[in-house]
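Let's work through a few exercises together, one step at a time. Keep the picture in view as you go.

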Amino acid sequence: MEQQTYNWYATQVEFHVETEKANGDIKIKKQKEMYLIYAHSCTEAEATIVQNLSHPNIEFEVTAVKQTKYIDVLTEDNVKDLAKKKED
């Protein structure tokens, strides 16, 4: 059985936000946000974003998914673990 490899994917999501102008007109403003997803493929990364952001009151579109060259994301917790491993 072939081992599947995980990679980090940079995912850009464009949210459509309604804003009201001073004259009372409604304008749709596009707001872009980036998410970093750990997945097997671009398709899985996109599906993960859609599954986690889907809500009846939120309108969005995934506009880009690109594999990155990141090998890991360090957080406070896993940096401490890494330091302990190096001491051993």
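**Exercise 1.** Find what share of the contacts between residues at least 6 apart in sequence join residues at least 24 apart.

Step 1. A contact means heavy atoms within 4.5 Å.
Step 2. Taking the contacts in the protein chain between residues at least 6 apart, 58% join residues at least 24 apart.
Step 3. A word on the source: this is a predicted model, where local features need pLDDT of at least 70 and side-chain atom pairs count only at pLDDT 80 or more, while totals for chains, interfaces and linings use all residues. Residues are numbered from 1 along each chain as its sequence is written, and side-chain values use heavy atoms, leaving out hydrogens and water.

**Exercise 2.** Describe the secondary structure of the protein chain, then decide whether the chain is spread out or compact.

Step 1. Helices (H or I, at least four residues) and strands (E, at least two) are DSSP runs, numbered from the N terminus.
Step 2. The protein chain has 2 helices and 3 strands, in the order β-β-α-β-α along the sequence.
Step 3. The radius of gyration, taken over C-alpha atoms, is compared with the globule rule, 2.2 Å times the number of residues to the power 0.38.
Step 4. For 88 residues the rule gives 12 Å, but the protein chain has 19 Å, well over that, so it is more spread out than a compact globule.
Step 5. The C-alpha trace spans about 65 × 35 × 20 Å along its principal axes.

**Exercise 3.** Work out how many aromatic pairs there are, and which parts of the chain Trp8 and Tyr38 tie together.

Step 1. Rings of Phe, Tyr and Trp (its six-membered ring) pair if their centres lie within 6.5 Å; planes under 30 degrees apart count as stacked, over 60 as edge-to-face and the rest as tilted.
Step 2. This rule gives 3 aromatic pairs.
Step 3. Trp8 and Tyr38 make a tilted pair, with 4.6 Å from centre to centre and 40 degrees between the planes.
Step 4. Trp8 belongs to strand E1 (residues 7-20) and Tyr38 to strand E2 (residues 26-39), so the pair ties together parts 30 residues apart in sequence.

**Exercise 4.** Are Trp8 and Tyr38 buried, exposed or partly exposed?

Step 1. Buried means under 20% relative accessible area, exposed over 50%, and partly exposed in between (1.4 Å probe, protein chains only).
Step 2. Trp8, at 14%, is buried.
Step 3. Tyr38, at 46%, is partly exposed.
Step 4. Across the protein chain, 16% of the 88 residues count as buried.
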